[in-house]
Amino acid sequence: MGSNASNFVEGVDWVFKTIIGISVFFLILITAAMIYFIIKYNRKRHPKATQIKDYLALEITWITIPTILVIFMFFYSFAAYEPMLWVPKNAYQVKVTGRMWQWSFEYPGNKESNILVVPLNKPVKLNLYSADVIHGFSIPAFRVKQDVVPGKNNYMWFTAERLGEYEVFCTAYCGLRHAYMGTQVKVVSESDFEKWLASVPSTAGEPIGLQILKKNGCIGCHSLDGSKMVSVTFKGLYGKSEKVLTDGNEHEIFVNDEYLRSSVFLPDQDIVAGYPKGVMKSYKGLISDPEMTQVIEYIKTLK
């Protein structure tokens, strides 16, 4: 078992240590030089200023050395970064979807999880997608991070070399609950991974309405069990009366098909009292009318 959490830790750490070492060296050197010149050329010692002639050799030196160092740091850093681009052909593939404000992980066979479980010492490729805004998928312990951008298919890969649980963070500010958009990577033995995967229920049999809600990130703000989140819960929503603000005026509205469609396509028209305005985007053009019908039918079942 490796002493590092992933195959990229050693290379990335050495790059950071080298750059920090160079920076500290020059910080001390330049600070010492400044103190030396302040003392040597103090006004008390040189009350009358004199012109100092340029020193060509010194100018060439302080241009050449930094240039060499910058080129060295670039190529040294790229040598550690380049292996992150080349995914092994036998890598196990997992689809990662970022949405406000949660991560979901889809495995072969329509298996879905809210934590990332990976086998030990096996290369894993994460195919990264965003359902809404820009997110950043980061596993600090593995020294990997990649942007998750709407409309762009991105990826990362790694080989976990140590058993354990590691934190996953979103590194791009993505809205009100950005700070809560975290999950875990759980590294297990290959046999335990196969057992875990077999125990995960397939989402293939889920109601179409629920699949649409998950696909569009709706359950990141609306709970299905009655708990309070960023917005109202879907449980028991259909058929009840809600106090809403329309153009600043509070009144009651009956939750029916028409109201639900309006809430999805014109979310800022009628704001439920007690909830902020401008949080939800319009899904017009993203959710079709037939899909909206499936969503409404599913919400009706959440008594």
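This is a predicted model: local features need pLDDT of at least 70, side-chain atom pairs count only at pLDDT 80 or more; totals for chains, interfaces and linings use all residues.
A pocket is an open set of grid points with protein on both sides within 12 Å along at least five of seven lines, and its lining residues have an atom within 4 Å of a point.

**Entry 1**

**Entry 2: the cavity**

Then I searched for cavities. How many of 30 Å³ or more does the structure hold? I counted 1. The volume of the largest cavity is about 590 Å³, and 33 residues line it. His222, Ser231, Ser263, Pro267 and Met280 are the ones nearest its centre. Two or more lining residues come from each of α5, β13 (271-272) and α6. Helix α5 gives the largest share, with 4 residues. By class, I wrote down 23 nonpolar, 6 polar and 4 charged residues for this lining.

**Entry 3: α5 against α6**

A pair of packed helices is described by the angle between the axes and the distance between them. For α5 (residues 257-265) and α6 (residues 289-300), I noted an angle of about 120° and axes 10 Å apart. Because of that angle, α5 is oblique to α6. Their crossing is right-handed. On the α5 side, the contact uses Asp257, Leu260, Arg261, Val264 and Phe265. They meet Asp289, Met292, Thr293, Ile296, Ile299 and Lys300 of α6. I sorted the residues of this contact into 6 nonpolar, 4 charged and 1 polar.

**Entry 4: α4 against α6**

What angle does α4 make with α6? I read about 110°, with the axes 7 Å apart. Angles of 65 to 115 degrees count as roughly perpendicular, which means α4 is roughly perpendicular to α6. Ile208, Gly209, Leu210, Ile212 and Leu213 of α4 touch Glu291, Gln294, Val295 and Tyr298 of α6. This contact has 6 nonpolar residues, 2 polar and 1 charged.

Terms used. Residues are numbered from 1 along each chain as its sequence is written. Side-chain values use heavy atoms; hydrogens and water are left out. Axes are lines fitted to C-alpha atoms, for helices over the stretch in contact, and angles run from 0 to 180 degrees between N-to-C directions. Angles under 35 degrees count as roughly parallel, over 145 as roughly antiparallel, 65 to 115 as roughly perpendicular and the rest as oblique. A crossing is left-handed if the near helix is turned anticlockwise from the far one by less than a right angle, and right-handed if clockwise. Contact means heavy atoms within 4.5 Å. Ala, Val, Leu, Ile, Met, Phe, Trp, Tyr, Cys and Pro count as nonpolar, Asp, Glu, Lys and Arg as charged, and the others, Gly among them, as polar. On a 1 Å grid over the protein atoms alone, a cavity is a set of points where a 1.4 Å probe fits but cannot get out, and a pocket is an open set with protein on both sides within 12 Å along at least five of seven lines; lining residues have an atom within 4 Å of a point. Grid points are joined across faces, edges and corners, and a volume is the space filled by probe spheres set on the points.
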